[in-house]
Amino acid sequence: MTADELRVVVEATDDGVVLVRVRGSLDGWSGPSGLVEALEEAAGRGGRLTVADLSLLEFADSTGLHALLNAQRRHDEAGVRLVLAGPLGTGVRRLFEVSGTLGAFTFADTVDAALSC
């Protein structure tokens, strides 16, 4: 795996939590399809919580933001809570700030904090 490749690992628990770990770059070049599929499947499971661990996300652009916004909408429709966990890298955090989408998501400082939401 090169630094800019997107890697997505999904872990499901028996108590209705899906943890989606994201690593690399979430942009038009790497393609967000693996993340889109993982988050779509998590919403479709009808569990109580999906945590997207973005702590190892090195870069994200509008393509990645669009994928996360669609995932949030899909989770809302399914009645499943979606929490984005960090700590977020400076560039990733800046994407949410500049785009004005901080309020569209629930954020947690760590995966452990997200699991207690």
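Begin by selecting Leu68, which has its place in helix H2; helices (H or I, at least four residues) and strands (E, at least two) are DSSP runs, numbered from the N terminus. This is a predicted model, in which local features need pLDDT of at least 70 and side-chain atom pairs count only at pLDDT 80 or more, whereas totals for chains, interfaces and linings use all residues. Residues are numbered from 1 along each chain as its sequence is written, and side-chain values use heavy atoms, with hydrogens and water left out.

Is Leu68 buried or exposed? Its relative accessibility is 3%, so Leu68 counts as buried, where buried means under 20% relative accessible area, exposed over 50% and partly exposed in between, with a 1.4 Å probe and protein chains only. Now show its surroundings: setting aside neighbours within four places in sequence, Leu68 is in contact with Leu26, Leu35, Leu39, Leu54, Leu84, Phe96 and Phe105, contact meaning heavy atoms within 4.5 Å.

Colour Gly64, Leu65, Ala67, Leu68, Ala71, Gln72 and His75, which are the buried residues of H2. Looking down the axis of H2, you will find these buried residues within an arc of 160°, so they line one face of the helix, the arc being that of the directions from the helix axis to the C-beta atoms. On the face of H2 turned away from that buried side, select the exposed residues Ser62, Asp76 and Glu77. The partners against which the buried residues of H2 pack are strand S2 (17–26), helix H1 (33–45), strand S3 (49–60), strand S4 (81–85) and helix H3 (90–99).

Both ends of H2 deserve a stop. At its start, a side-chain oxygen of Asp61 comes to within 2.9 Å of the backbone nitrogen of Thr63, while Gly79, which follows H2, has a positive phi near 75°.

Two packed helices are described by the angle between their axes and the distance between the axes. For H1 and H2 the packing angle is about 10° and the axes are 9 Å apart, where axes are lines fitted to C-alpha atoms, for helices over the stretch in contact, and angles run from 0 to 180 degrees between N-to-C directions. H1 and H2 are therefore roughly parallel to each other, given that angles under 35 degrees count as roughly parallel, over 145 as roughly antiparallel, 65 to 115 as roughly perpendicular and the rest as oblique. To display where they meet, select Leu35, Val36, Leu39, Glu40, Ala42, Ala43 and Gly44 in H1 together with Ala67, Leu68, Ala71, Arg74, His75 and Ala78 in H2.

Staying with H1, colour its buried residues, which are Leu35, Ala38, Leu39, Ala42 and Ala43. They cover an arc of only 130° around the axis, which puts them on the same side of H1, and the face turned away from that buried side carries the exposed residues Glu37 and Gly44. Just after H1, Gly46 takes a positive phi of about 70°.

Move on to H3, which packs with H2 at an angle of about 75°, with the axes 11 Å apart. That makes H2 roughly perpendicular to H3. The contact is made by Ser62, Leu65 and Leu68 of H2 and by Leu95, Phe96 and Ser99 of H3. Within H3, the buried residues are Val92, Leu95 and Phe96. Down the axis of H3, these fall within an arc of 90°, so they line one face of the helix. Thr90, Gly91, Arg94 and Val98 are exposed on the other side of H3.

Finish at Val83, which lies in strand S4 and, at 0% relative accessibility, counts as buried. Not counting residues up to four places away in sequence, Val83 touches Leu49, Thr50, Val51, Ala52, Thr106, Phe107, Ala108, Ala114 and Cys117.

Terms used: Polar contact = N/O pair within 3.5 Å; in protein donor to acceptor, adjacent residues only side chain to side chain.
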